[in-house]
Amino acid sequence: MTDAHTTGPFIAAIDQGTTSSRCIVFDKDGRIVSVDQKEHEQIFPKPGWVEHDAAEIWTNVQEVVAGAIDKAGITSADVKAIGITNQRETTLLWDKNTGEPVHNAIVWQDTRTDALCKDLGRNVGQDRFRRETGLPLASYFAGPKARWLLDNVEGLRERAERGEILFGTMDSWVIWNLTGGVDGGVHVTDVTNASRTMLMNLHTMEWDEKILQSMEVPAAILPEIRSSAEVYGLAKGGALDGIPVASALGDQQAALFGQTCFSQGEAKSTYGTGTFMLMNTGNEPVNSYNGLLTTVGYRIGDQKAVYALEGSIAVTGSLVQWMRDQMGLINSAAEIETLASSVEDNGGAYFVPAFSGLFAPYWRSDARGVIAGLTRYVTKAHIARAVLEATAWQTREITDAMTKDSGVELTALKVDGGMTSNNLLMQTLSDFLDAPVVRPMVAETTCLGAAYAAGLAVGFWPDTDALRANWRRAAEWTPRMDADKRDSEYKSWLKAVERTMGWLDEEN
């Protein structure tokens with residue numbers, strides 16, 4: 001590290017993710033000074049069940065914080081604030097007197113609450129709490145997971161009613177421990193994480209008493225809902241003793257913030273195993289009639305909350321992995337670009353990877369993957385191209401749904417995640433969306449978002465304009481596709497999507 005790089009002050013961001021926890025130290029220019037990262041165990045007690053050991057995670061968080069500070073060659077005196085971002089919806093209950101989790105954390109991917117969610121839908125179905133929460137009844141969200149624990153851990157409901165138990169998503173667990181744990185730990189969550197519990201009313205930004213009653217979750221266990229950028233408390237002990245803990249944002253919202261999508265119509269898409277796209281819809285929550293979620297984008301201090309629409313695609317990066325591992329058509333993920341670039345077009349082939357059903361905007365669990373339009377002419381290079389186009393078309397479907405719901409046209413798409421190193425995919429995205437696609441210098445947008453929010457809270461950066469000025473683009477792609485061609489290709493794609501539906505008969 002050069003000396004120029006390590007002159008303070010700094011902001012530290014903790015990212016408590018699904019597979020690992022890490023800490024990144026950023027300087028005033030939003031550049032990465034140091035990173036430390038540690039994986040934790042994935043626990044699979046039964047098919048469809050996924051758990052984490054929250055005590056292991058807290059130990060790892062302490063280690064990576066110490067590691068990042070050490071690698072940066074700085075002391076806590078150089079750090080002005082700590083920001084937190086986290087895997088969303090993962091749910092934990094713990095004993096407030098001992099600090100011990102009462103059970104492993106139930107991870108967002110876990111499907112054990114499927115039946116409970118169906119029961120909660122009563123005669124109304126998936127949309128029973130949608131007006132208040134912006135969410136469909138689905139096993140993803142934290143509220144039903146908490147209810148499952150209260151129903152299934154011996155004696156837990158009684159302890160909860162007595163006020164001995166605390167509930168939280170991973171942001172709450174990390175903040176409570178950072179600020180002292182059993183010794184005065186602060187029990188809070190932020191609006192973005194609270195909006196993923198299915199227990200918060202989007203309009204009042206408070207826990208919804210009617211829903212708490214319906215879901216049988218006692219109010220006594222819930223954290224206080226705070227903004228995404230304010231000082232919650234000071235860290236006690238550890239490598240950052242005495243430093244303000246000043247932001248919390250769920251990971252996808254943190255990426256929206258890190259991509260500086262502060263205006264209505266600005267959107268970010270994170271291309272990993274699957275893809276999450278969020279669009280800033282301004283100060284009013286927008287109801288979705290097109291298969292999207294309504295969520296809180298962020299809230300800075302006592303300013304008005306900013307809302308977002310969110311769409312998720314199940315299979316993007318994992319389709320490239322499938323081509324490599326199951327089909328053996330490529331030897332490395334990077335090879336798909338070379339192979340796909342060796343042909344001019346898809347040769348008439350379309351690949352809809354509905355491996356586990358279709359996510360947004362369809363939500364069809366009876367769908368399965370298809371490759372359509374095959375002729376003798378089609379080669380593996382055409383299939384490779386169809387694979388990349390699948391990610392771009394699925395993104396286009398979500399942006400169309402966002403425009404329909406909000407009346408706001410997409411102005412530009414800011415992208416991050418592993419797949420953004422694929423330049424052909426980036427150009428295809430721009431062509432299919434008919435909008436510019438922009439990739440930033442700092443790829444770690446989730447951590448950057450948490451750092452930005454914490455820095456705002458303590459005056460490290462004066463305002464969001466300073467953050468925009470700080471954000472730097474590495475590359476931009478603009479549309480080069482003829483409009484008629486785009487429309488006819490899109491028509492073919494939609495035809496292929498129809499062919500995936502109803503593959504499974506009545507779900508057993």
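**Close-ups of rings and charges in a predicted model**

View 1. Lys28 holds its charged end over the ring of Phe460, with 4.4 Å to the ring centre. The model here is a predicted one. In the second example Arg112 covers the face of Trp49, and this time the distance to the ring centre is 3.8 Å.

View 2. Why do Trp393 and Tyr490 count as stacked? Their ring centres are 5.1 Å apart and their planes meet at 5 degrees, and planes under 30 degrees apart are called stacked. Trp393 sits in helix α12 (residues 380–406) and Tyr490 in helix α16 (residues 483–500), so the pair ties together parts 97 residues apart in sequence. Both Trp393 and Tyr490 are buried.

**View 3. A tryptophan cluster.** Here Trp94, Trp173 and Trp176 are joined into a cluster by ring pairs.

View 4. Now for the charged pairs: the structure has 27 salt bridges. Side chains of opposite charge can pair when their charged atoms come close. Lys71 and Asp36 do this, their closest N and O atoms being 3.0 Å apart. Lys71 is in helix α1 (residues 54–72) and Asp36 in strand β3 (residues 32–39), so the bridge ties together parts that are 35 residues apart in sequence. Lys71 is partly exposed, with 49% relative accessible area, whereas Asp36 is buried at 17%.

**View 5. A salt bridge from helix to loop.** Arg147 and Glu216 meet through their side chains, at 4.0 Å from N to O. This pair also links distant parts of the chain, 69 residues apart: Arg147 lies in helix α4 (residues 142–152), and Glu216 in the loop between α8 (209–215) and β12 (224–226). Which side of the burial cut-off does Arg147 fall on? With 12% relative accessibility, Arg147 counts as buried, while Glu216, at 40%, counts as partly exposed.

View 6. Arg364 and Asp366 join their side chains in a salt bridge, with 2.9 Å from N to O. Arg364 is partly exposed at 31% relative accessible area, and Asp366, at 17% relative accessibility, counts as buried. Elsewhere, a network of salt bridges links Arg88, Glu89, Arg196, Asp251 and Glu310.

**View 7. Stepping back to the whole chain.** The chain has 16 helices and 23 strands, and its C-alpha atoms fill a box of roughly 70 × 60 × 40 Å along the principal axes. A compact globule of 508 residues would have a radius of gyration near 23 Å, and the chain's own 23 Å agrees with that. Buried residues make up 61% of the 508. Of the contacts between residues at least 6 apart in sequence, 71% join residues at least 24 apart. The chain exposes about 20,100 Å², with carbon and sulfur atoms supplying 47% of it.

Technical notes:
Residues are numbered from 1 along each chain as its sequence is written. This is a predicted model: local features need pLDDT of at least 70, side-chain atom pairs count only at pLDDT 80 or more; totals for chains, interfaces and linings use all residues. Side-chain values use heavy atoms; hydrogens and water are left out. Rings of Phe, Tyr and Trp (its six-membered ring) pair if their centres lie within 6.5 Å; planes under 30 degrees apart count as stacked, over 60 as edge-to-face and the rest as tilted. Helices (H or I, at least four residues) and strands (E, at least two) are DSSP runs, numbered from the N terminus. Buried means under 20% relative accessible area, exposed over 50%, partly exposed in between (1.4 Å probe, protein chains only). A charge sits over a ring if NZ of Lys or CZ of Arg is within 6 Å of the ring centre and within 35 degrees of the ring normal. The radius of gyration is taken over C-alpha atoms; the globule rule is 2.2 Å times the number of residues to the power 0.38. Contact means heavy atoms within 4.5 Å. Accessible areas come from the Shrake-Rupley method with a 1.4 Å probe; for residues, only the protein chains shown count as cover.
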